[in-house]
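Please look at the sequence and the structure before reading on.

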Amino acid sequence: MSIPISAYLIVSGILFAIGLFGLLMRRNVLLILLSIEIMLNAANLNLIAGSALHGQVDGQITAFFVMVIAAAEVTIGLAIAVLLFRKSNDVDSNDIRWLSG
Amino acid sequence: MNAILFYVFSGLAIVSALGVVFLSRPTRALLSLIVTMFSLAILFIFLGAYFVAMIHMIVYAGAVLVLFLFVIMFQGIGAKELPLKERFGLGSLILLGLAGISFLSALLFILTRYQTPPPAGISGSVELVGKTLFQNYLLPFELTSIILLLGVFAAVALAKKDAT
């Protein structure tokens, strides 16, 4: 028997919710970035499930583009985290008040 | 057989994603995320996205997470996370838990009511993905190269030692 596509959508939704709560709960900037990765991959699973549902390859191509964007985003985010760490020896997102203004 | 494998690997993905969110040491959270990535790659293979699954493993487990690991190791003692009780008061913790459970149950309610038709199925081989990518999506593909180039520029400009 084959798995219905809605099962994949449920897994994707649960993963997205977990990533969203990690994003809200974490204080370390690096772990916030990790939660964003979970959310992006949940979206990728959704896209690929849609691709299998309709028999079109376009969803997989979109997932491919999402991966490229995620790689670029991680590069810049980690560079910013390294800068923050160099400046204040800490990456707690509540301590970065001096950024304002 | 297929169904058992699906449940095993989607359960593994969800459990290790919970580990990413709740583990207190950054290195352990990162290794847990690697388990999530591998389980997701296996789910992609079930869905017929062979090329994307391989690229996913190479790009995420091979490049992105190693980069994360490098930065976390580089931080050394600074890479710590406060325990959950020190991050929030008890009231906001309960509120957050309630919001989470209600969000998740609403999501599951909507998704389980919706019955998808049987999947058409697709085999995302390198040939098919490559042909579509270079025929229908040529312009976006070229634009991603500009985005990657800008990412390299931004990383170098930000991480330079004497950036003033």
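Is B:F134 buried, partly exposed or exposed? With a relative accessible area of 48%, B:F134 is partly exposed (buried means under 20%, exposed over 50%, and partly exposed in between, with a 1.4 Å probe and protein chains only).

## Basis of the model

The model is predicted: local features need pLDDT of at least 70, side-chain atom pairs count only at pLDDT 80 or more, and totals for chains, interfaces and linings use all residues. Residues are numbered from 1 along each chain as its sequence is written, chains are lettered from A and ligands numbered from 1 in the order in which they are written, and side-chain values use heavy atoms, leaving out hydrogens and water.

## Overall form of chain A

Chain A contains three helices and zero strands (helices are DSSP runs of H or I with at least four residues, strands runs of E with at least two, numbered from the N terminus). The radius of gyration of chain A, 17 Å, is well over the 13 Å that the globule rule gives for 101 residues, so chain A is more spread out than a compact globule (the radius is taken over C-alpha atoms, and the rule is 2.2 Å times the number of residues to the power 0.38). Buried residues account for 61% of the 101 residues in chain A.

## Aromatic rings

Over all chains, the structure holds six aromatic pairs (rings of Phe, Tyr and Trp, the last by its six-membered ring, pair if their centres lie within 6.5 Å; planes under 30 degrees apart count as stacked, over 60 as edge-to-face and the rest as tilted). A:F64 and A:F65 form a tilted pair, 6.1 Å centre to centre with 55 degrees between the planes. A:F64 is buried at 14% relative accessible area, and A:F65 is buried at 12%.

The ring centres of B:F134 and B:F141 are 5.0 Å apart and their planes stand at 75 degrees, so this pair is edge-to-face.
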